[in-house]
Amino acid sequence: MIVLGIDTSCDDTSVAVLKDRQILSEIVSSQVELHRLFGGVVPEIASRRHLEVIDKIFLEVLKEASLEPRDIEVVSVTSGPGLIGSLLVGLSFAKGLCSSLSIPLVCVNHVHAHAMSVFLERDVEFPFIGLIASGGHTMILLVENQTSFTVLGTTRDDAAGEAFDKAAKFFGLPYPGGIIVEELARNGKKDRIPFPRPMVEERTYDMSFSGLKTALINYVRKEGLNEVSRADVLASFQEAIVETLVRKTLRAAEDCQVKTVVLGGGVAANERLRELMVERGKEMNMTVLFPSKRFCLDNASMVAVTGHFLARAGRFSPLDAAAFSRMAPGVYGP
Ligand code: KG4
Ligand code: ZN
């Protein structure tokens with residue numbers, strides 16, 4: 001089955017084409033340079049740029065795969081959660097294709113797609129616990145099979161990636177901050193400052209990261225950077241986020257008696273998160289899996305592979321399907 005995947009949920013325009021889960025071609029067109037000027041994503045600028053480039057990227061992807069539009073059998077598109085204007089560009093483009101080619105549409109939940117990205121490179125047995133941590137979402141999922149999952153916990157305020165981005169911004173570092181914080185943290189002492197591990201002792205799987213960002217700002221304003229370096233602050237901050245994610249995720253796996261944990265989302269590219277999850281997972285006899293870094297970040301291949309699974313299960317969407325900006329906790333959508 002040849003599936004075209006489209007993701008325009010945030011600031012990357014991505015289109016991919018998969019044949020039976022094999023990537024024939026994929027383009028991720030980053031808008032980072034456009035938004036860097038403003039220190040974060042500007043929704044109106046993002047949707048305009050998606051609109052300017054999506055048709056060209058679509059044609060380029062087909063050319064690279066040596067395919068014609070009529071070869072596409074299913075169009076799979078992210079319909080939420082995300083920035084509504086951005087989502088609507090991808091969704092409208094997908095609907096236009098389906099309508100003109102008389103092929104089915106599959107709407108995909110972006111968080112579901114992050115949880116399925118691991119399937120681009122391997123098979124994983126169900127059920128598993130998914131930790132999806134990115135700039136827009138931080139969720140712990142019980143993934144029952146390829147087409148259904150339950151949200152066990154979510155951040156109550158900032159996403160983990162957002163916390164990385166805000167810490168970077170505080171130090172005047174460019175957007176997006178995660179990768180830069182990780183690089184700087186490599187030269188710092190992760191146990192130097194005892195930042196809190198928010199909500200780790202509470203029985204809920206919900207998380208909170210905005211207080212941690214405030215703790216960092218308060219620390220630097222009060223103590224300054226005389227005794228400790230910026231690298232120490234960032235390493236300690238990263239450790240607090242990572243340890244919170246690891247403890248919450250592994251507790252969910254233990255409580256659900258699930259032996260496999262899968263990571264996804266931009267923050268899953270973080271080496272320290274990968275390392276600590278594997279280390280602690282091993283102690284609990286759990287298998288920890290994660291996609292290659294390029295598939296942790298937003299990409300259309302994960303949307304296409306999720307669309308492949310949904311199409312196989314007959315889960316097609318009507319041509320009047322709506323985009324949605326937020327995901328209700330505990331609810332599988334769309
Ligand atoms: O999944 P993604 O590309 O987009 C969203 O769906 O949000 O994730 C982007 C987020 C940004 O907040 C970025 O700072 C963070 O992931 N990120 C990282 C790393 N690489 C990207 N955070 C920590 N360490 C990294 N290596
Ligand atoms: Zn994402």
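Which residues do ring pairs link into a cluster? They are F119, F126, F128 and F309.

1. First, what you are looking at. This is a predicted model, in which local features need pLDDT of at least 70 and side-chain atom pairs count only at pLDDT 80 or more, while totals for chains, interfaces and linings use all residues. Residues are numbered from 1 along each chain as its sequence is written, chains are lettered from A and ligands numbered from 1 in the order in which they are written, and side-chain values use heavy atoms, leaving out hydrogens and water.

2. Now the rings. A pair of aromatic rings is described by the distance of the centres and the angle of the planes. Rings of Phe, Tyr and Trp (its six-membered ring) pair if their centres lie within 6.5 Å; planes under 30 degrees apart count as stacked, over 60 as edge-to-face and the rest as tilted. The structure holds nine aromatic pairs. In one of them, the ring centres of F164 and F237 are 6.4 Å apart and the planes stand at 80 degrees, so this pair is edge-to-face. Because F164 sits in helix 5 (residues 160-170) and F237 in helix 8 (residues 230-255), the pair ties together parts 73 residues apart in sequence. Helices (H or I, at least four residues) and strands (E, at least two) are DSSP runs, numbered from the N terminus.

3. F170, at 27% relative accessibility, counts as partly exposed, whereas F171 is buried at 16%.

4. Strand 5 (residues 105-109) is worth a look. Five of its five residues are buried, so the strand is largely enclosed by the rest of the structure. In a regular strand the side chains alternate between the two faces of the sheet. Here L105, C107 and N109 are buried on one side, and V106 and V108 on the other.

5. Finally, helix 3 (residues 84-101) carries the chain from strand 4 to strand 5. Among the buried residues of helix 3 are L87, F93 and C98. Just after helix 3, S102 takes a positive phi of about 55 degrees.

Note on methods: Buried < 20%, exposed > 50% of the residue type's maximum accessible area, 1.4 Å probe, protein only. Right-handed = clockwise from strand over helix to strand, strands pointing away.
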